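Please open the model in your viewer and keep the selection panel at hand. The tour below moves from one selection to the next and says what is found at each stop.

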Amino acid sequence: MQDKIFILGINGSPNKNGLCAKLLKKTLDSINKNNAGTRIYHLIDIEKEFYHSNYKKKAEKDFEKLSKEILNADGFILATPVYWMNMSSLMKNFIDKLTVFELNNFKLEGKTAGFIAVGEEDCACQTTLNMAGPLNHLGLIFPPYSMFFYNKRFAEKSDRGWMKKDITLLGENMVELCKMIKSHKPK
């Protein structure tokens, strides 16, 4: 594992330039400002197969490269739009594909994760929890304020503007937690 903290951004929106991608980029910029490296992946460019669900210990062909990147990274941030009160099908398929790490002795244990959900309704908070549940089972660790949800209709009206500000806090906290884990890996 490298000395410098490295965090992946995983965009589950089919729109590579939409609000979801912009918020993810803002978080990754915050990570870079805290002396950590980042890379963004757009699932629309990667996912060509549905999760096979037959519990093989090998990743699908379209997921091989990204799965190696995930293993080498200290953590990742999942960003998704909210569709019908939940994550995008791209994101759900991605999370299903993480099963390969469970089947290979929980290889994601001790990595960090953060979440961004963008929605027009109140389901964005629930969507972050729906993404976090499986990752918690896989042994990932979440920093404070790691489940960011954004509703563009209310962003300006949020208490003290937290919907506009906390997106960078997610990046800062990801870096800090990664540093703590590198110095003392939890069991």
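**A stop at M85**

Select M85, which counts as partly exposed because its relative accessibility is 49% (buried means under 20% relative accessible area, exposed over 50%, and partly exposed in between, with a 1.4 Å probe and protein chains only). This residue is found in the loop between strand 3 (75–81) and helix 4 (89–97), where helices (H or I, at least four residues) and strands (E, at least two) are DSSP runs numbered from the N terminus.

Before going further, note that this is a predicted model, in which local features need pLDDT of at least 70 and side-chain atom pairs count only at pLDDT 80 or more, while totals for chains, interfaces and linings use all residues. Residues are numbered from 1 along each chain as its sequence is written, and side-chain values use heavy atoms, with hydrogens and water left out.

Now extend the selection to Y83 and W84, which together with M85 form a nonpolar patch on the surface with about 440 Å² of accessible area. Accessible areas come from the Shrake-Rupley method with a 1.4 Å probe, and for residues only the protein chains shown count as cover.

**Helix 7**

Next, select residues 162–183, the 22 residues of helix 7, which reaches 31 Å from its first C-alpha to its last, close to the 32 Å expected at 1.5 Å a residue (the expected span is 1.5 Å times one less than the number of residues). Colour its buried residues, among them M163, I167, L170, M174 and I181. Which elements cover them? The cover includes strand 1 (6–11), helix 1 (19–33), strand 3, strand 4 (112–118) and strand 5 (147–150), with contact meaning heavy atoms within 4.5 Å.

**K65**

Move to helix 3 (residues 64–72) and pick K65, which counts as exposed because its relative accessibility is 58%.

**The whole chain**

Finally, select everything: the chain has 7 helices and 5 strands, and from the N terminus on its elements run β-α-β-α-α-β-α-α-β-α-β-α. The radius of gyration is 16 Å, close to the 16 Å that the globule rule gives for 187 residues, so the chain is as compact as a globular protein of that length (the radius is taken over C-alpha atoms, and the rule is 2.2 Å times the number of residues to the power 0.38). Buried residues make up 50% of the 187 residues.

How values were computed. Patch = residues over 30% accessible without salt bridge, like charges linked within 9 Å, V, L, I, M, F, W, Y side chains within 5 Å. Salt bridge = Lys/Arg side-chain N within 4 Å of Asp/Glu carboxyl O.
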